[in-house]
Amino acid sequence: MLYLFYRLLSHFGPQFWWPAKTPFEVMVGAILTQNTAWSNVEKAVKHLEEAEALDPKVISSLDVFQLERLIRPSGFFRVKAARLKALVVYIMKEFKGDVETMGLKPGWELRRDLLSLHGVGEETADSILLYALGKPFFVVDAYTKRILKRCGLIRGSESYGDIQRLFMDTLPGDVELFKEYHALLVELGKGYCRARDPQCGTCPVKVEVE
DNA sequence: TGCCAGGCCGGGT
DNA sequence: ACCCGGCATGGC
């Protein structure tokens, strides 16, 4: 798996992900970007920023309809408002609204907690763990699955956990490596591995299978 | 104009 | 254990 990483890195260069100013903004973005183009998420985040609502305490004090209005451009705004509320309820109750305190809890316990929240699945949980809290969990998204399949590295029927283990069992457990690797897969995916794009004919990264 | 985007959930087989 | 429809907006 390191071979693919270096191919991507030398082609695209380091990505320095996730694009956000604070850990909490990463968490918000992780929920808002569910099945949604990032450009739409940016508009919603901008609204929250202007409302000074990129803070767990502020969001928990917001009326849910107010919150819906702010995040509307990100799509699915009703379900996502409820999901953000569920997240901040957890952060408020468990850590008094302090993200720094949250980061002190062991990764596996946080993952279990996050997965119990309504609207936080494996990818969202791992994105929060890796990019907001610096915990070494590999993020598997639609691009990751598609690229690995088209490179012949998986069959396509593997579960999220199967694919995550493929990375985490064979790579050094390094947070910066995990961050860059996932960011590079997204960069490749956005340009050359979109859903209807039948193959990587113009893919700039040729991967030797086996 | 229709198709798609950095998912997740609930209900049905 | 899968498979599907619903959830919504903005860009190409």
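Me: Which domains does the assignment of chain A give?

Reply: Domain 1 (2-15 + 138-192) and domain 2 (23-132) make up the assignment of chain A, with bounds from an automatic or database domain assignment. This is a predicted model, in which local features need pLDDT of at least 70, side-chain atom pairs count only at pLDDT 80 or more, and totals for chains, interfaces and linings use all residues. Residues are numbered from 1 along each chain as its sequence is written, while chains are lettered from A and ligands numbered from 1 in the order in which they are written.

Me: How far apart are the C-alpha centres of domain 1 and domain 2?

Reply: They lie 24 Å apart.

Me: How many residues are in contact there?

Reply: Eight residues of domain 1 are in contact with six residues of domain 2, contact meaning C-beta atoms, placed from the backbone, within 7 Å.

Me: Moving on, which residues are closest to DNA strand C?

Reply: Pro-73, Gly-75, Phe-76, Arg-78 and Val-79 are the closest of the 13 residues that surround DNA strand C; a residue is near if its C-beta atom, placed from the backbone, lies within 6 Å of the strand.

Me: Which helix gives the largest share of that surface?

Reply: Helix 6 does, with three residues. Helix 6 spans 77-95, and helix 3 (38-50) also supplies at least two residues. Helices are DSSP runs (H or I, at least four residues), numbered from the N terminus.

Me: And Leu-84, what is in contact with that residue?

Reply: Val-28, Ile-31, Ile-59 and Leu-67 are, leaving aside neighbours within four places in sequence.

Notes:
Two residues are in contact if their C-beta atoms, placed from the backbone, lie within 7 Å.
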